[in-house]
Amino acid sequence: MYIRLLFGLITLVLLGCSAAWAQSPQPAGNPAGVVTLAQGNASLAPAGGPPRTAKVGDVVHEGDVLTTPGDGELHLVMQDTGFMALRSNSQFMVLSYKADGGEEDKGVFKLLKGGLRSITGWIGRFNPSAYQVRTNSATIGIRGTDHETRYIPEGSSEGEAGTYDKVYAGQTYITTPDGGATEVSPNQAGFVSHKPRERPRVLAQTPGFFRPGPHEAEIAKKHAEIQALIDQRRNERRKVISEKRMALVAARQHLKADFAQARAAHQQETLALKARFHTLTAQRETLQAQARAGEVGGAALRQRRRALVAEYAALERAYKEFTSRHKALQDSAAPTADGATSSPQDWRQSLRQDLQDVREKQQDLEAERASTRKEIEALQRQENQRVRRERKADRETGQASPD
């Protein structure tokens, strides 16, 4: 019964884990930046979650959506030391971001409406091709820059619908899905319309909606400040990431060693239980042969029956202890939240091996239980027959039974 319950519980746990993994909210993606100014009723909506009021100190992750009302503005300090200012009546989303100081660093954003000024950090200097600001009509790429993108949706009274980009320092290029492209230099503004087959172009004049905001003097100083800090902050970030990776490797090795030790003890317990099963089987067979040959009497049979009942109870206790130790071993093999384990495939393989060990023990224990029950029943029948024979003999001879 306990074995069936164990396997039922394991099945329920596995099914429950699968359902939880499928239904649980998605974990936050890589951090992209920190809010340093939240003006007006600006909001932050985590990936897959409801919006909430944005406040200074909030960490913005991949998948998050930031929105500012007509009187709002949001400033972010990015992980690569870059800076972003989301203008009033705007909305943008962090599509993908990574700033570990390596070749895989990237920053991809989606401007859904309004304006976004961006001063790039080390991603713009060392991985410029991995930086993009996208809209519904175009993609803005950079070559290390300070620029401002504005997206005007169709039906707006602000100006012609499309994507605009003004460059303060460096250079940008505007591309469209059909292959159109144009480069934009400092103090220029580029534009591509929503209209089909329109090509990006540099405008003769900068549109009036690129007007300074209330914090423009402060923003204007940031380009030089950021450029001075890029190398130092990037090296610091690379050092931190390297230390974390080494700590993760050490933690994985330690966990693997602990799991190997627990698994070895588990296997030794399995072998000991099998040896005990074979010993009991041999003793039972010997006793059965003696009983058939008449070498053991009623007292010996009763004594053996009591011993078997006690052995059966001990077997039940041993099995409960085994299931408890197996649960501890299974828990020690479960992957942790920070990922400091072997791969999920390795963990599932280890769990399958453990389940196979349990199945082998199940077969042995069920066989031992069945044999023990049969032997107890056989001994009980022999004892009953002996008592009936003695009583019959007593009645025939008129003598009292010695029992």
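Lys55 and Asp58 pair up through their side chains in a salt bridge, 3.2 Å from N to O. A salt bridge here is a side-chain nitrogen of Lys or Arg within 4 Å of a carboxyl oxygen of Asp or Glu. Lys55 is partly exposed at 48% relative accessibility, while Asp58 is buried at 7% (buried is under 20% relative accessible area, exposed over 50%, partly exposed in between, with a 1.4 Å probe and protein chains only).

This is a predicted model, where local features need pLDDT of at least 70, side-chain atom pairs count only at pLDDT 80 or more, and totals for chains, interfaces and linings use all residues. Residues are numbered from 1 along each chain as its sequence is written, and side-chain values use heavy atoms, leaving out hydrogens and water.

- The structure holds 12 salt bridges.
- Asp100 and Arg237 meet in one of them, at 3.1 Å from N to O.
- Asp100 is buried at 18%, and Arg237 is partly exposed at 21%.
- Arg143 and Glu183 form another, at 3.4 Å from N to O.
- Arg143 is partly exposed at 43%, and so is Glu183 at 42%.
- Through shared partners, salt bridges join Glu73, Arg87, Arg117, Asp146, Glu148 and Glu216 into one network.

**Nonpolar cores**
- A nonpolar core is a set of buried Ala, Val, Leu, Ile, Met, Phe, Trp, Tyr and Cys residues joined through side-chain atoms within 4.5 Å.
- The largest one has 37 residues, and Leu66, Leu76, Met84, Phe92, Tyr97 and Phe109 touch the most other members.
- A second, separate core has seven residues, including Ala189, Leu203, Phe209 and Phe210.
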